Amino acid sequence: YTTDDIVEISCHGSPVLLGRVVEVALAHGVRMADPGEFTMRAFLNGRIDLTQAEAVRDLIESQTLYQAKVAAQQLGGALSRRIQPVKQQLVNLIALLEAGIDFAEDDVSVLPAEEAIAHIARIRQPLLRLKEGFSFGKVVHQGLTLAIVGRPNVGKSSLFNRLVERERAIVTATPGTTRDLVTETVSLGGIPVHLVDTAGIRDARDEAESMGIQKSREAMADADVVLIVKDASAKAESPLEEELIASARERVAIVVENKIDLAPSTAYPNGSQLPRVRTSAANGEGIVALREEILRTISAGGGREETGFLTNLRQHQLVCDSIAALEAAENAIEQHVPHEMLLMDLYNALRPLDDITGATTADDILNLIFSTFCIGK
């Protein structure tokens, strides 16, 4: 794993015996490994690159099979394989410009502006796709929070129980039963989803309910995805529901028309442009469709069929830095800046890509990354 010579001690798995073996080893000059030291050695010895090292941590922390699958792809070099062709194209462009500058007296042609801009566009396009996929990669890595909101007695808690697949929240026919946030984490399509059942939003009847409603609005503001639940058997949308839908138009939200078992032929006009799903939490109708819609919604920024995601903020910021440098280079060409100055922007685009894989990463960044590992990994 590390390319270092090793001695491996195989013995019975008794914790007492294993502890004694470690004590004896320490007494004879061995020291305990630092967090992530074995993976850091593998990186420093060229066995893996930095994206693969980060994937080791992601694999250890995986909560679902899909997370483990994505981490295993990263460990196999999926992200590096997406970045490597981009780096090579950028290096080729830099080489062309360097040759034109260094060997001008030998009649080596300088790259025309139009061709240079076309080169930059070809380099930038895959980086933009990589950047757009970060929203999905982040969700795969960290999971997301989904808040269920709406008026009292529209079936929010029943819907919550259906998604959790057990009776987690108390359900009664009395409006306002839920006073506090009820939470549970489930796996949807292999993605950890932190479900939040909230108090029904209305004019509060007492202080406790008022506090619950305030928490509901806070949960809605903090959530990555919002389910706005409505009573499909009602004749029209209430002003409150219209307000909730209007406030969610700039957010990732789904309107759920629940209780279709009471009014199966009724459907609200979809004037909000938000996706709508008709369900019955009572008999389970539409729950599968709701799960599929949630997955479609959270996968909109990047397809599940792709491999090689940006899964952390460090990688995302470096890709953004590279794209910004390429845009600066394109502006420099349009303004007829000398190629010597243009090359500075291109090198500024190359360095972040090296930092992603670890070719030029500073020691303090490495220490920060590996300090989050488990000891012995």
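**Note on the predicted chain**

1. Thr-183 has Val-196, in strand 3, as its bridge partner. Strands here are DSSP runs of E with at least two residues, helices are runs of H or I with at least four, and both are numbered from the N terminus. The model is predicted, with local features needing pLDDT of at least 70 and side-chain atom pairs counting only at pLDDT 80 or more, while totals for chains, interfaces and linings use all residues. Residue numbers start from 1 along each chain as its sequence is written, and side-chain values rest on heavy atoms, with hydrogens and water left out.

2. Strand 2 (residues 182-188) runs antiparallel to strand 3, with seven bridges in the pairing; DSSP must find at least two bridges for two strands to count as paired. Two residues lie between the strands of this hairpin, and Gly-189 has a positive phi near 60° there.

3. Strand 3 also pairs with strand 1 (residues 144-150), in the parallel sense and over five bridges. In this case Ile-148 is found opposite Asp-197 of strand 3.

4. Why is strand 3 described as largely enclosed by the rest of the structure? Six of its seven residues (191-197) are buried, so the remainder of the structure largely encloses the strand. Buried is under 20% relative accessible area, exposed is over 50%, and partly exposed is in between, using a 1.4 Å probe and protein chains only.

5. For the protein chain as a whole, 14 helices and six strands are assigned. Of its 377 residues, 46% are buried. Contacts (heavy atoms within 4.5 Å) between residues at least 6 apart in sequence join residues at least 24 apart in 68% of cases.

6. The chain exposes about 19400 Å², and 54% of this comes from carbon and sulfur atoms. Areas are from the Shrake-Rupley method with a 1.4 Å probe, and for residues only the protein chains shown count as cover.

7. Val-22, Leu-26, Val-30 and Met-32 make a nonpolar surface patch of about 330 Å². Val-22 belongs to helix 1 (residues 15-27) and is partly exposed, at 37% relative accessibility. Patch residues have over 30% relative accessible area and no salt bridge, and nonpolar side chains are joined within 5 Å, like charges within 9 Å. A salt bridge needs a Lys or Arg side-chain nitrogen within 4 Å of an Asp or Glu carboxyl oxygen.

8. Is Glu-293 buried or exposed? Glu-293 has a relative accessible area of 14%, so it is buried. This residue sits in helix 11 (residues 287-298). Leaving aside residues up to four places away in sequence, Glu-293 touches Ile-254, Pro-275 and Val-277.
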